[in-house]
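Here is a walk through one protein model. Keep the sequence and the coordinates side by side as you read.

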Amino acid sequence: MTGAPGSGKSTLTDKLISLIRERDLEVGVLAIDPSSPFSGGAILGDRIRMQDHATDEGVFIRSMATRGHLGGLSLATPQAVRILDAAGKPWIIIETVGVGQVEVEVAGAADTTVVVVNPRWGDGVQANKAGLLEIADVLVVNKADREGAADTVRDLEQMLELAGERDWRPPIVETVATEGRGVEDLWQAILDHRAHLEANGLLERRRDSRLREELRAIVFERVRERVDATCHGERFDGLVSKVAARELDPYAAADELLT
Ligand SMILES: Nc1nc2c(ncn2[C@@H]2O[C@H](COP(=O)(O)OP(=O)(O)O)[C@@H](O)[C@H]2O)c(=O)[nH]1
Ligand SMILES: [Mg+2]
């Protein structure tokens, strides 16, 4: 579940938890906030909006915020999903706020990406919209009790039309999360997407490419740690001085550091 702050992701998640529990299935929830370096307001809000489920042993809710650099979350998310999966949660919901690359990467950890927008979304920035549409498997127009919902649905349909033929056309679901309206439809859209993935061998393919991406990211992270360790200390300082004194060019200095 991804989308702008305040679009209603937590409220929708809360309703989905109820729906999954009614079917006697367990569910894990990861609420991720890449935009906040502290586990501050937004995440506290998520907790409050899902607190009906706080004493239900079939529900596990965990909040994560960025500690240090942004790359951390895209690495931590698949690992957290893996743990919830090992703990036997057949359904795992990842809620993520924020915009840009991290949101896309976090969304990449999921089988199905639900993008939540609100009425009047059509007034927003084009570039951001295109990016979100690209990752959406299901589109939700939440707060459909507000003016402009129908226009927003039409706007989304037009954008999907312009995006051209795809093997899966993201369904557009209107919801009023606070009243639970449309949540059954959202659930059905998620199941439909899942069925599509399974019927076409896409689930395996998605998971394979996700694993490749994850492994690559871990290697990248390790290499980055080595770079930090190498570009540090007496030897590094010495080479910087040599370059400054024009005894060495930076490329030769780098080669010397790496050998
Ligand atoms: N009117 C209206 N308000 C909603 C709806 N869904 C959520 N809200 C409210 O919007 C605010 C933000 O919701 P929240 O779920 O925390 O959004 P998130 O930041 O995307 O997780 C809260 O005050 C909700 O009660 C809706 O369908 N209609
Ligand atoms: Mg939230």
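Start with Asp-111. Its relative accessibility is 14%, and buried means under 20%, so Asp-111 counts as buried. The model is a predicted one. Asp-111 and Arg-210 meet through their side chains in a salt bridge, 2.9 Å from N to O. Arg-210 belongs to helix H8, while Asp-111 sits in the loop between H4 and S5, so this pair ties together parts that are 99 residues apart in sequence. Arg-210 has a relative accessible area of 23% and is partly exposed.

Asp-111 has another salt bridge, to Arg-207, at 2.7 Å from N to O. Arg-207 is also in helix H8, and the loop that holds Asp-111 runs between helix H4 (101-107) and strand S5 (114-117), so the pair links parts 96 residues apart in sequence. With a relative accessible area of 34%, Arg-207 is partly exposed.

Now move to helix H7. Glu-198 forms a salt bridge with Arg-194, and their closest N and O atoms are 3.1 Å apart. The two residues are 4 places apart in H7 (residues 183-199), so about one helical turn separates them. The general rule is that an α-helix has 3.6 residues a turn, so residues three or four places apart point the same way. Arg-194 is partly exposed, at a relative accessible area of 24%. Salt bridges that share partners join Asp-111, Arg-194, Glu-198, Arg-207 and Arg-210 into one network. The structure holds 15 salt bridges.

Which residues touch the most other members of the largest nonpolar core? They are Leu-12, Leu-16, Val-27, Ile-93, Val-114 and Leu-186, in a core of 22 residues. At least two residues of this core come from each of H1, strand S2 (27-33), strand S4 (91-96), S5, strand S6 (138-142) and H7. Take Leu-186 as a probe. Leaving aside residues up to four places away in sequence, Leu-186 touches Leu-12, Leu-16, Val-114, Val-138, Val-140 and Val-173. Apart from this core lies another, of 16 residues, including Leu-133, Val-141, Val-153 and Met-159. In soluble globular proteins, nonpolar side chains tend to be buried together.

H1 is mostly covered, with 10 of its 14 residues buried. Among them are Leu-12, Leu-16, Ile-17, Leu-19 and Ile-20, but also Lys-9, Ser-10, Thr-11, Thr-13 and Asp-14. Its geometry can be checked. At 1.5 Å a residue, the 14 residues of H1 (residues 9-22) should span 20 Å, and the end C-alpha atoms are 20 Å apart, which agrees. After H1 comes Asp-24, with a positive phi near 65°.

Turn to the surface of the model. Leu-215, Ile-218, Val-219, Val-223 and Val-227 form a nonpolar patch there, with about 410 Å² of accessible area together. Val-219 lies in helix H8 (residues 202-230). Is Val-219 buried or partly exposed? Its relative accessibility is 48%, so Val-219 counts as partly exposed.

Finish at Arg-62, in strand S3 (residues 59-65). Arg-62 is partly exposed because its relative accessibility is 46%. Leu-30 is 32 residues away from Arg-62 in sequence, yet their C-alpha atoms are 5.1 Å apart in space.

Notes. Residues numbered from 1 in each chain as written. Chains lettered and ligands numbered in written order. Predicted model: local features only at pLDDT ≥ 70, side-chain atom pairs only at ≥ 80, totals over all residues. Heavy atoms only, no water. Buried < 20%, exposed > 50% of the residue type's maximum accessible area, 1.4 Å probe, protein only. Expected span 1.5 Å × (residues − 1). Patch = residues over 30% accessible without salt bridge, like charges linked within 9 Å, V, L, I, M, F, W, Y side chains within 5 Å. Areas by Shrake-Rupley, 256 points an atom, 1.4 Å probe, with all protein chains shown as cover. Salt bridge = Lys/Arg side-chain N within 4 Å of Asp/Glu carboxyl O. Core = buried A, V, L, I, M, F, W, Y, C linked by side-chain atoms within 4.5 Å. Contact = heavy atoms within 4.5 Å.
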